[in-house]
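Hello,

Here is the structure you are taking over. My notes on what was found in it follow below.

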Amino acid sequence: MAESGARARAPHRAFIGSYTAAGGPGLVTAEVRPHDGALIRTGGLGAVPDPSYLALSPAGDMLYAVSETAEGAVAAYRVRGDKLEPAGPPVPVGGSGPTHLGLHAGHLLTANYGSGSVTAVPLRPDGTLAPAPSGQLQHTGSGPHDRRQRGPHPQQVRSDPEGRWIVSVDLGTDSVRVCTLDAGVPVPHREIALRPGSGPRHLVFHPDGGHAYVVNELTPTVTVCRWDAATGALRPLTEVPVLPGAPGGDAYPSGIVVAPDGRFVWTATRGEDVLSAFRVEGEGLRLLGTVPSGGHWPRALTGHDGRLYTAHERSGDVTWFTVDATTGLPRYDGSLAVPAASCVIFG
């Protein structure tokens, strides 16, 4: 199980990021045990401060990490079996608090939450980082939430499945921007407004190529959208709660995953500390139920090989779940201790 557009080969390694400022080890490598999906720690690297989000090159030989600090930087590492080797010095991104990164058209893109911008850093042919960004897009706008939406706060930047468009999701402006890359500079194509105060966090595409789902952080919901890959148009259709009944005041959705066959969608919610399972029904989602996430403050959710993996920031662990192929409901299987864990990827 993985997001639509992931590499087809079955990975057997995991890479885990963590917050060093909160006692995390930096980068952790782990073996994925094939028969049960268990993670077995194999090593790690101190790396840059707060490598909270990671991405792999298409060939799986380079690992990229943000440094989610006030200065803001990215770093590249060569993957040598179970070991990571720095591949040059960190590169400043010209923005503060980069929280997410993605690969697009020979560039590494970062979503800079603190400064409200998206940066493009060129990649050399060998996958290493050029010494300076080629361009940056400054988001503008605000939202109704007094504390969290006084200005733009991009939470995610990624490529669409066809590699034509850049998509950035902004909690502070309640919007999704679709951009192109022109001479290494992100250029706005459209800005799609979501419900004021929703606080969008992450977007995933459905395998059918015609739909996308946005998980919202400030209200515990998922916005179902229609996606037109030819024109780069995203149209919100409906908004679905991720929790049954009326949630309390401490429910902040984080990650979202869609099944490769498109039948199910899953989300993680911090505070409530649950995973929610949905069935895809036409152009809507039906909440099937929730299960405990197995830890506290699930910051990220990843799918791999029929299982879900959750990185818990405050309890300091990564948990994994087998997904029932018929019902779509996750079943807890185990965990690996990683202090201040923030994300897990496979490759």
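I start with a turn: β26 and β27 form a hairpin with four residues between them, and Gly316 in that turn has a positive phi of about 70 degrees. Strands here are DSSP runs (E, at least two residues) and helices are DSSP runs too (H or I, at least four residues), numbered from the N terminus. Two strands are said to pair if DSSP finds at least two bridges between them.

Before going on, note that this is a predicted model, in which local features need pLDDT of at least 70 and side-chain atom pairs count only at pLDDT 80 or more, while totals for chains, interfaces and linings use all residues. Residues are numbered from 1 along each chain as its sequence is written, and side-chain values use heavy atoms, with hydrogens and water left out.

Strands β25 to β27

Strand β27 covers residues 317-323 and is joined to β26 by six bridges, the two running antiparallel. Within that pairing, Arg307 has Thr322 of β27 as its bridge partner. On the other pairing, β25 (residues 298-304) and β26 are antiparallel over six bridges, and Gly303 stands opposite Leu308 in β26. β25 and β26 also form a hairpin, with two residues between them; Asp305 in this turn has a positive phi of about 55 degrees.

Is strand β26 buried or exposed? Six of the six residues of β26 (residues 307-312) are buried, so the strand is largely enclosed by the rest of the structure. Buried means under 20% relative accessible area, exposed means over 50%, and partly exposed is in between (1.4 Å probe, protein chains only). In a regular strand the side chains alternate between the two faces of the sheet. In β26, Arg307, Tyr309 and Ala311 point one way, Leu308, Thr310 and His312 point the other way, and all are buried.

The sheet β21 to β24

Four strands make an open sheet in the order β21-β22-β23-β24, with antiparallel pairing. Its edge strands, each pairing on one side only, are β21 (252-258) and β24 (284-292). Strand β23 (residues 274-281) runs antiparallel to β24 and is joined to it by eight bridges. Leu275 stands opposite Val291 in β24.

Leu288 also lies in β24. With 24% relative accessibility, Leu288 counts as partly exposed. By contrast, Leu27, in strand β2 (residues 27-32), counts as buried at 1% relative accessibility.

Two C-alpha to C-alpha distances

Leu27 and Gly294 are 267 residues apart in sequence and 22 Å apart in space. Leu288 and Ala21 are 267 residues apart in sequence and 37 Å apart in space.

The whole protein

The protein has zero helices and 29 strands. Of its 347 residues, 58% are buried. Its C-alpha atoms fill a box of roughly 50 × 45 × 35 Å along the principal axes.

The second largest pocket

Which residues line the second largest pocket? They are Glu68, Thr99, Tyr113, Arg148, Gln155, Arg201, Glu217, Tyr252, Arg270, Trp297 and Arg299. A pocket is found on a 1 Å grid over the protein atoms alone, as an open set of points where a 1.4 Å probe fits, with protein on both sides within 12 Å along at least five of seven lines; lining residues have an atom within 4 Å of a point.

Regards
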